[in-house]
Amino acid sequence: MKDKKNKIITALSALFLMAALSLFFNVDRAYALEADIKPLQGRTIYCVGDSITLAIGGNKDINGRYISFSDYLGQYSGATVYNSSFEGVQIGDYGINNCIMQRIYGIPVDTSVIVFWAGVDDFIWGTPMNYERYKQDVDFAFSYMKNNFPLTKIIIVTTYKNRSEKLRTDRGATLAQFMQYQVEAASRYGFSVVDLYNMQLSPLSTPQYFADDIHPNDAGNRLIADIIYKKILE
């Protein structure tokens with residue numbers, strides 16, 4: 001009886017081991033296959049934004065260029081990714097070079113995906129009419145993209161919580177309101193949203209992903225790329 005019981009246990013153990021190995025190799029093959037698939041091969045992604053998109057605070061390549069989340073998007077998707085960003089820029093064109101609108105004007109119409117990430121510099125540095133002018137700038141930018149890129153997937157990214165909320169109290173609205181307005185406008189124009197502001201990712205709550213009070217480090221850029229890439233695939 002004892003020998004029979006041992007044989008049963010041995011047989012079940014062998015079956016369990018075979019099933020586990022089978023699952024392991026199936027998962028391994030599936031992962032390898034997924035890694036080889038480049039769903040946007042031959043297409044283009046434009047990431048337009050400020051110093052966060054520029055990746056100040058991240059790693060640099062051998063040429064001294066910052067490695068952004070946009071670079072990781074290119075690795076994941078197989079797309080050609082253009083990073084059109086500059087530090088300290090606002091959305092509206094007030095005669096200042098490199099503003100967001102000037103960058104949007106330069107995006108080719110056959111672009112497959114536009115990742116728009118801006119607005120925190122409007123909050124930090126202010127616009128001529130503060131919050132009310134900011135809303136006009138958002139609507140102008142979103143309307144322009146809607147009308148000029150009808151076949152392009154447009155993703156709006158809000159900026160996560162940061163210490164600028166305590167530094168600026170003279171904008172007529174909070175950073176939360178600045179970011180929420182983009183979410184509402186994106187809904188009106190039919191754009192996708194990655195609402196980082198309302199996620200558990202920020203220099204305040206997850207400092208391990210940040211190089212300073214606002215800029216992600218390389219781990220943060222990789223995580224942000226993962227989040228945006230999932231939205232691209234939806």
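Modeller: Helices (H or I, at least four residues) and strands (E, at least two) are DSSP runs, numbered from the N terminus. The model is predicted, so local features need pLDDT of at least 70 and side-chain atom pairs count only at pLDDT 80 or more, while totals for chains, interfaces and linings use all residues. Residues are numbered from 1 along each chain as its sequence is written, and side-chain values use heavy atoms, with hydrogens and water left out.

Colleague: Where does Ser112 lie?

Modeller: Ser112 counts as buried, at 19% relative accessibility; buried means under 20% relative accessible area, exposed over 50%, and partly exposed in between, with a 1.4 Å probe and protein chains only. Leaving out residues up to four places away in sequence, Ser112 touches Arg43, Thr44, Thr152 and Lys153, contact being heavy atoms within 4.5 Å. Its place in the chain is the loop between helix 4 (100-105) and strand 3.

Colleague: How many helices and strands does the protein have?

Modeller: Along the sequence, the pattern reads α-β-α-α-β-α-β-α-α-β-α-α-β-α. The secondary structure therefore comes to 9 helices and 5 strands.

Colleague: Among contacts between residues at least 6 apart in sequence, what percentage join residues at least 24 apart?

Modeller: The protein has 234 residues, of which 45% count as buried. Among its contacts between residues at least 6 apart in sequence, the share that joins residues at least 24 apart is 77%.

Colleague: Which residue caps the N-terminal end of helix 9?

Modeller: Helix 9 (residues 218-233) has 16 residues and reaches 22 Å from its first C-alpha to its last. That is close to the expected 22 Å, the expected span being 1.5 Å times one less than the number of residues. At the N-terminal end, a side-chain oxygen lies 3.1 Å from the backbone nitrogen of Ala219; a polar contact is a pair of N or O atoms within 3.5 Å, where within protein one must be able to donate a hydrogen and the other to accept it, and residues adjacent in sequence count only if both atoms are side-chain atoms. The capping residue is Asn217.

Colleague: What arc around the axis do the buried residues of helix 9 cover?

Modeller: The buried residues of helix 9 are Asp218, Gly220, Asn221, Ile224, Ala225, Ile228, Tyr229, Lys231 and Ile232. They lie on the same side of helix 9, because the arc they cover, taken from the directions from the helix axis to the C-beta atoms, is only 165°.

Colleague: Which strands are included in what covers these buried residues of helix 9?

Modeller: The cover includes helix 2 and helix 3. From the strands, it includes strand 1 (44-49), strand 3 (113-117), strand 4 (153-158) and strand 5 (192-195).

Colleague: Is Ala55 buried or exposed?

Modeller: Ala55 is in the loop between helix 2 (51-54) and helix 3 (69-77). Its phi is near 80°, a positive value in a residue other than glycine. Its relative accessible area is 0%, so Ala55 is buried.

Colleague: Which residue has its backbone oxygen 2.7 Å from a polar atom of the side chain of Ser68?

Modeller: Ser68 is found in the loop between helix 2 and helix 3, and it is buried, with a relative accessible area of 0%. Beyond its neighbours within four places in sequence, Ser68 is in contact with residues including Ala55 and Asn221. The backbone oxygen at 2.7 Å belongs to Thr53.

Colleague: How many aromatic pairs are there?

Modeller: Rings of Phe, Tyr and Trp (its six-membered ring) pair if their centres lie within 6.5 Å; planes under 30 degrees apart count as stacked, over 60 as edge-to-face and the rest as tilted. By this rule, the number of aromatic pairs is 14.

Colleague: What kind of pair do Phe123 and Phe178 form?

Modeller: Their ring centres are 5.2 Å apart and their planes stand at 75°. The pair links distant parts of the chain, with Phe123 in helix 5 (residues 120-125) and Phe178 in helix 8 (residues 175-189), 55 residues apart. Phe123 and Phe178 are both buried. With planes at 75°, the pair is therefore edge-to-face.

Colleague: Over the face of which residue does Lys161 lie?

Modeller: A charge sits over a ring if NZ of Lys or CZ of Arg is within 6 Å of the ring centre and within 35 degrees of the ring normal. Lys161 lies 4.3 Å from the ring centre of Tyr197.
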